[in-house]
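Hi,

Here is the structure I promised to pass on to you.

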Amino acid sequence: MRKCPIYLLLFFASLILIIFINYQHFSTQGIRYEIRVVNGFTNNSSLPLVIWCTSHDGGDIGGRALQEGDDYTWYLRLSFWIPAPAYSCTVKWDRARMRFEAFKVHRDRNRCGMARKCLWLVKEDGIYFINHQSNWIKELSWI
């Protein structure tokens with residue numbers, strides 16, 4: 001009977017240790033996501049874009065009045081043990097108002113990319129999404 005070389009045993013022991021450490025980190029800390037909404041209007045210096053965000057489990061994240069180029073950012077953690085709620089934002093500019101889902105686990109868990117950054121851009125013609133890949137994708141139009 002052949003004996004297993006020591007380097008294979010060390011390799012598998014190291015692999016198990018790495019998996020265990022990553023699992024422990026995920027199960028206790030969760031995976032962190034960044035959600036950022038940017039005012040992409042090009043000519044609204046006198047009238048800010050107002051944003052207010054909430055979680056679907058009743059949590060109030062808060063809001064701000066954003067001037068051109070300003071952003072509103074928050075972070076959330078997805079845990080293996082506790083399901084994350086969805087997050088919605090209402091944006092208002094002048095008399096126009098729109099509500100959108102800023103983060104939904106089943107939609108955004110993979111869509112936000114390896115960096116786990118979900119970026120939204122609010123412009124005159126609608127709301128755009130990007131995950132640091134290449135191009136903004138229009139998700140919604142102002143009503």
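Below is what I found, grouped by the kind of contact. Please keep in mind that this is a predicted model.

**The disulfides**

Let me start with the cysteines. How many disulfides does the count come to? The count comes to two disulfides. One of them joins C53 to C89, with an S to S distance of 2.0 Å. This link of C53 and C89 is right-handed, with 105° about the S-S bond. C53 sits in strand 2 (residues 49-55) and C89 in strand 5 (residues 87-93), so the bond ties together parts that are 36 residues apart in sequence. Are the two ends buried or exposed? C53 counts as buried because its relative accessibility is 0%, and C89 is buried too, with a relative accessible area of 0%.

A disulfide also joins C112 to C118, where the S to S distance is 1.7 Å. The torsion about the S-S bond of C112 and C118 is about 110°, so this disulfide is right-handed. Both C112 and C118 are buried. If you number the bonded cysteines of the chain in sequence order, the pairing reads 1-2, 3-4.

**The salt bridges**

Next come the charged side chains. As a reminder, side chains of opposite charge can pair when their charged atoms come close. In this model the count comes to seven salt bridges, and I picked out a few for you.

D71 forms a salt bridge with R36, and their closest N and O atoms are 3.6 Å apart. Since D71 belongs to strand 4 (residues 71-78) and R36 to strand 1, the pair ties together parts that are 35 residues apart in sequence. With a relative accessible area of 27%, D71 is partly exposed; R36 is partly exposed as well, with a relative accessible area of 27%.

Then have a look at D108. Which residues does D108 meet in a salt bridge? One is R107, with the closest N and O atoms 2.8 Å apart. Another is R111, whose side chain meets that of D108 at 2.9 Å, N to O. D108 and R111 both lie in helix 2 (residues 105-111), three residues apart, which is about one turn of the helix. There is also a network elsewhere: salt bridges that share partners join E34, R36, D71 and K117. Coming back to D108 itself, its relative accessibility is 0%, so D108 counts as buried. R107, in contrast, is partly exposed, with a relative accessible area of 25%.

**A buried asparagine**

You will find N39 in strand 1 (residues 31-39). Its relative accessibility is 2%, so N39 counts as buried. What lies 2.8 Å from a polar atom of the side chain of N39? That is the backbone oxygen of L66. The backbone oxygen of Q67 lies 3.2 Å from a polar atom of the N39 side chain.

**The aromatic rings**

The count of aromatic pairs comes to seven. Take W74 and Y87: their ring centres are 6.3 Å apart and their planes stand at 50°, so the pair is tilted. This pair links distant parts of the chain, with W74 in strand 4 and Y87 in strand 5, 13 residues apart. W74 counts as buried because its relative accessibility is 7%, and Y87 counts as buried at 12% relative accessibility.

Which residues make the nonpolar surface patch of about 830 Å²? The patch is made by I6, Y7, L8, L9, L10, F11, F12 and L15. One of these, F11, is found in helix 1 (residues 6-29). F11 has a relative accessible area of 48%, so F11 is partly exposed.

That is the tour for now. Enjoy exploring the model!

Best wishes

Conventions
Residues are numbered from 1 along each chain as its sequence is written. This is a predicted model: local features need pLDDT of at least 70, side-chain atom pairs count only at pLDDT 80 or more; totals for chains, interfaces and linings use all residues. Side-chain values use heavy atoms; hydrogens and water are left out. Helices (H or I, at least four residues) and strands (E, at least two) are DSSP runs, numbered from the N terminus. Buried means under 20% relative accessible area, exposed over 50%, partly exposed in between (1.4 Å probe, protein chains only). A polar contact is a pair of N or O atoms within 3.5 Å; within protein, one must be able to donate a hydrogen and the other to accept it, and residues adjacent in sequence count only if both atoms are side-chain atoms. A disulfide is a pair of cysteine sulfur atoms within 2.5 Å. A salt bridge is a side-chain nitrogen of Lys or Arg within 4 Å of a carboxyl oxygen of Asp or Glu. Patches are made of residues with over 30% relative accessible area and no salt bridge: like charges are joined within 9 Å, nonpolar side chains (Val, Leu, Ile, Met, Phe, Trp, Tyr) within 5 Å. Accessible areas come from the Shrake-Rupley method with a 1.4 Å probe; for residues, only the protein chains shown count as cover. Rings of Phe, Tyr and Trp (its six-membered ring) pair if their centres lie within 6.5 Å; planes under 30 degrees apart count as stacked, over 60 as edge-to-face and the rest as tilted.
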